[in-house]
Amino acid sequence: MKLVPLGDRVVLKQYEAEEKTKSGIILAGDAKEKPQYAQVVAVGPGGVVDGKEVKMEVKEGQKVIYSKYAGTEVKLEDQKYIIVKQSDILAVVE
């Protein structure tokens, strides 16, 4: 199965949360903060969204930083993904 986003949506695969702090303290499952750093897995076609022309600026394979409370989490074939609007992506990491 494959996720194909519509409109200005982007499918991201989050990177794993750190298991321990820089000082070596091991974090429990609930103490780990979800990273806002992810890889782009799929990009929607863009087009007209809410009456405005939207050009997709991100591409598959890019690493991005996105808003903390953005998107919808989904699980597909034992993989977790997050679907966000392109406007929720704050930066591309190069």
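A residue is called buried if its relative accessible area is under 20%, exposed if it is over 50%, and partly exposed in between (1.4 Å probe, protein chains only). Asp8 is buried, with a relative accessible area of 8%. Keep that residue in mind.

The model shown here is predicted, so local features need pLDDT of at least 70 and side-chain atom pairs count only at pLDDT 80 or more, while totals for chains, interfaces and linings use all residues. Residues are numbered from 1 along each chain as its sequence is written, and side-chain values use heavy atoms, with hydrogens and water left out.

Start with the whole chain. The protein chain has zero helices and eight strands. Here helices (H or I, at least four residues) and strands (E, at least two) are DSSP runs, numbered from the N terminus. Of the 94 residues of the protein chain, 26% count as buried.

Now look at the sheet. Strands of a sheet pair through backbone hydrogen bonds, either parallel or antiparallel. In this model, six strands form an open sheet in the order 6-7-1-2-5-8, and the pairing is antiparallel. Two strands count as a pair if DSSP finds at least two bridges between them. Strand 6 (72-76) and strand 8 (89-93) are the edge strands, and each pairs on one side only. On average, neighbouring strands of this sheet are turned by 40° against each other, direction ignored. Such angles run from 0 to 180 degrees between N-to-C directions, with axes fitted as lines to C-alpha atoms.

Strand 2 (residues 37-43) and strand 5 (residues 63-66) run antiparallel and are joined by three bridges. Ala38 stands opposite Val64 in strand 5.

Strand 5 also holds Ile65. This residue is partly exposed, at 34% relative accessible area. Ile65 forms a nonpolar surface patch with Leu90 and Val93, and together they have about 240 Å² of accessible area. Patch residues have over 30% relative accessible area and no salt bridge; nonpolar side chains (Val, Leu, Ile, Met, Phe, Trp, Tyr) are joined within 5 Å, like charges within 9 Å. The areas come from the Shrake-Rupley method with a 1.4 Å probe.

Return to Asp8. It is found in the segment before strand 1 (9-14). How many salt bridges does a search of the whole structure find? The search finds one. A salt bridge is a side-chain nitrogen of Lys or Arg within 4 Å of a carboxyl oxygen of Asp or Glu. The side chains of Arg9 and Asp8 meet in a salt bridge at 3.4 Å, N to O. Arg9 counts as partly exposed, at 34% relative accessibility, whereas Asp8 counts as buried, at 8%.
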